[in-house]
Amino acid sequence: MKRTVICGLAAAALLLAATSVWAQAKGKISGGVVKIGVLDDMSGLYSDIGGQGDVVAAQMAVDEMGGKVLGAPIQVVSADHQNKPDVGAQKAREWFDGDVDIIVGTVNSGVSIAVSKVANEKHRLFINSGAGSTRLTNEDCNPYTIHYEYDTYSTGTTTAKPIVASGGKTWFFLTADYAFGKSLQADTSKFVEAAGGKVLGSVLHPLSASDFSSFLLQAQASGAQVIGLANAGGDTINSVKAASEFGITKKQKLAALLIFISDVHSLGLNAAQGLYAATGFYWDHDNDTRKWSKAFAAKMGGKMPTMVNAGTYSSTLHYLKAIQAAGTDDPDAVVKKLKEMTLNDATVKGGKIRADGRMVHEFYLYQVKSPSESKGPWDYYKLVSTIPGDQAFQPLSLSRCPLIKK
Amino acid sequence: MSEIFGVPIAALFGQLVLGLVNGCFYAMLSLGLAIIFGMLNIINFAHGAFYMMGAVFTWFLLNTWNIGWWWSLLLAPLAVGIFGIFVERVFLKRLYKVDPLYGLLLTFGLALVIEGLFRYKYGVSGLPYGIPEVFQGALNLGFMFLPKYRGIVVLATLVVCFTTWFVIERTQLGAYLRAGTENPPLVQAFGINVPVMITLTYAIGVALAGLAGVLAAPTLQVSPLMGSNLIIVVFAVVVIGGMGSILGSILTGLGLGLIEGLTKVFYSQASNTVVFMIMALVLLVRPAGLFGREK
């Protein structure tokens, strides 16, 4: 038994060595094919946010390039990380040791931080548009990780701003007990305190808790004017639902610090109306977004894209364009190109990737419409304000990323 | 004295009431499991999937045929029960003579398939379902506002649990049932159709899960994952209460809901593990569970 294992390992090692030599010999495009790996929550509580939609979005970018870059074919592969960091890191390792060039999508901050470490170790690219935690471009930043679309700083502060301005000075947080929730709470707290507000307390809840009423009761007892929901997906949905059931929204204001259009769709406008939604993308923003989103929806059984889906499309597209511009798929050359480019497509206007890996672009504050304002399915948001990229995201002066020399 | 360990008494009562509401769902689900295990010796891992089916069916009735919550109370458990009959007749009846482990594997696989199909059809974000109009609003209990609907859930659960317990432990029919599982050939010799009785028992067990699903639809998110989020806790409840003990599963379900509620006040991070810590402790001290009998 032991001998077969050793033999197997030796054979695998030889094979790997052989393929990498072959890959290097091949020239401009390693392995003769550009492989894009969509590593996502395909079946769990975040799968409506990223999931299959991300695979479709990546494929749309590939199709837009005509399925080829520098004469080499482009392939999209996908896998389920099951919201488990160890599974995600394992899959990333397997992919990067094989011929996958880049990982895109990837909801869940815990998994994303693990994957970004593998990317750094293997010198392959990881462009994340699904996770929220600002750790990806701060403590855990590295040259091979790019954080696209949004983060907890941008959604947290953008949502908090109008609430604090209209008098919501005291806050209590309901926080998902892992990297993302804590990051969202921390980023929002800092903003609230800087604006003269006060954080009265917080309660940590387990990921995908089934009942939120008791956490909300604690929030209610705190007497805070605003209850900040530092969670996402199903957890946010259940929190909002329970809050309206317990009549908490009559005296206290609810701030969903990260809410996706899929969450609003699931809640229904009756429960969600009036909530602020900070997002980097909304399907009904302009003609470009509408056109792209309708093409997406046609492939997804009528479901409109989330901002994560849009980010996956845009990041894949620009990765391929950067290969074209660099004339190679060598990760270092591609990253250099990406950071020089100005990103423009159907979903992103004037985006820039900074040295810390943060992609900054225009951000939007929307408010959820009331049932009478909505004209039909998926007509959920009205625009409140547009925030320029340099204000929406954490400024480089506050960066904790070692790549940034101060 | 208005505080206990720094927590206001009013808040504590509030949490206990909420714990009781959650305990009701545990009780009703573990009751079904206990009946099925007690009578059929099947560890029904698909129970969470049946619960989810009940909730999704409730949503489906409203959105397709505009059939409201009251009718769903009857129709959804019925539909789930009929599906249960199908499962029992086609799959489970072949497994009575082999190790219970096979039943567990089969139902576990079945749960994965059912959940996968629903996920494929409906996604995971969940489907909106409002609270029935008569139960909107809240009752002022002095120390908290209890939404009327949650109060109804507690009442309904108590009625259902008591009725089930009464039928099985105190009526002629229940006596047949218990005898039928103890010694099928003998009971059959008295002219009682044991296989049909067993099928119906399974159907009623899963119909209870469907009913819990209907009750859950207005308060929790109706989603294909709702069953798997809950079922592990429910199994812990059954183990703590004693496999197959009907009264045990009811009392343990309610009790654990209360304990979980308290944990959420004092150390919320532990609220999803406290049940399992208790399970480990109980297994150390009383391996057959609190209300179980050693066989």
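Two strands count as paired when DSSP finds at least two bridges between them. In this predicted model, β2(A) and strand β3 (residues 72-80) of chain A meet that condition with two bridges, and they run antiparallel. Within this pair, A:Val69 lies opposite A:Ala72 of β3(A).

Both strands belong to an open sheet of six strands in chain A, ordered β2-β3-β1-β4-β5-β6, in which the pairing is mixed. At its edges stand β2 (68-69) and β6 (145-147) of chain A, each of which pairs on one side only. Helix α3 (residues 85-97) of chain A lies across β1, β3 and β4 of chain A, and its direction is at about 175° to that of β1(A).

## Strand β4 of chain A

Strand β4 (residues 102-107) of chain A has six of its six residues buried, so the strand is largely enclosed by the rest of the structure.

On one pairing, strand β1 (residues 34-40) of chain A joins β4(A) in the parallel sense through four bridges; here A:Ile36 is opposite A:Ile102 of β4(A). On another, β4(A) and strand β5 (residues 125-130) of chain A run parallel and are joined by five bridges. In that pairing A:Gly105 is set opposite A:Asn128 of β5(A).

## The four-stranded sheet of chain A

Chain A also has an open sheet of four strands, in the order β8-β7-β9-β10, with parallel pairing. Its edges are β8 (198-205) and β10 (253-256) of chain A; each has a single partner strand, so one side of each is left without a neighbour in the sheet. From one strand to the next, the twist averages 20°.

Inside this sheet, strand β7 (residues 170-176) of chain A pairs with strand β9 (residues 226-230) of chain A in the parallel sense, over five bridges. A:Trp171 has A:Val226 in β9(A) as its bridge partner. Helix α7 (residues 213-222) of chain A lies across β7, β8 and β9 of chain A, at about 165° to β8(A). Helix α8 (residues 233-245) of chain A packs on the sheet as well, where it touches β7, β9 and β10 of chain A and makes about 170° with the direction of β10(A).

## Packing of α5 and α6 in chain A

Two packed helices are described by the angle between their axes and the distance between the axes. For helix α5 (residues 152-165) and helix α6 (residues 179-194) of chain A, the axes come within 9 Å and cross at roughly 40°. The pair α5(A) and α6(A) is therefore oblique, and the crossing is right-handed.

From α5(A), the contact uses A:Thr152, A:Tyr153, A:Gly156, A:Thr157, A:Ala160 and A:Val164. From α6(A) come A:Phe180, A:Ser183, A:Leu184, A:Asp187, A:Thr188, A:Phe191 and A:Val192. By class, the residues of this contact are seven nonpolar, five polar and one charged.

## Packing of α1 and α9 in chain B

In chain B, the axes of helix α1 (residues 9-40) and helix α9 (residues 226-241) come within 9 Å and cross at roughly 65°. These helices, α1(B) and α9(B), are therefore roughly perpendicular to each other, and α1(B) passes α9(B) in a right-handed crossing.

On the α1(B) side the residues are B:Phe25, B:Tyr26, B:Leu29, B:Ser30, B:Leu33 and B:Ala34. They meet B:Leu230, B:Val233, B:Val234, B:Val237, B:Val238 and B:Gly241 of α9(B). Ten residues of this contact are nonpolar, two are polar and none is charged.

## B:Phe57

B:Phe57 is part of helix α2 (residues 47-65) of chain B. It is buried, because 23 other C-beta atoms lie within 10 Å. Apart from neighbours within four places in sequence, B:Phe57 contacts B:Ala76, B:Ala79 and B:Val80. Between the C-alpha atoms of B:Phe57 and B:Ala189, which are 132 residues apart along the chain, the separation is 40 Å.

## Contact between chains A and B

The contact between the chains involves 31 residues of chain B and 33 residues of chain A. On the side of chain B that touches chain A, the elements that give two or more residues are α1, β4 (145-147), α9 and α10 (246-266) of chain B. The largest share, five residues, comes from α1(B). This side of chain B divides into 13 nonpolar, 16 polar and two charged residues.

Conventions
Residues are numbered from 1 along each chain as its sequence is written. Chains are lettered from A and ligands numbered from 1 in the order in which they are written. This is a predicted model: local features need pLDDT of at least 70, side-chain atom pairs count only at pLDDT 80 or more; totals for chains, interfaces and linings use all residues. Axes are lines fitted to C-alpha atoms, for helices over the stretch in contact, and angles run from 0 to 180 degrees between N-to-C directions. Two residues are in contact if their C-beta atoms, placed from the backbone, lie within 7 Å. A residue is buried if 20 or more other C-beta atoms lie within 10 Å of its own, exposed if 12 or fewer, and partly exposed in between; C-beta atoms are placed from the backbone. Angles under 35 degrees count as roughly parallel, over 145 as roughly antiparallel, 65 to 115 as roughly perpendicular and the rest as oblique. A crossing is left-handed if the near helix is turned anticlockwise from the far one by less than a right angle, and right-handed if clockwise. Ala, Val, Leu, Ile, Met, Phe, Trp, Tyr, Cys and Pro count as nonpolar, Asp, Glu, Lys and Arg as charged, and the others, Gly among them, as polar.
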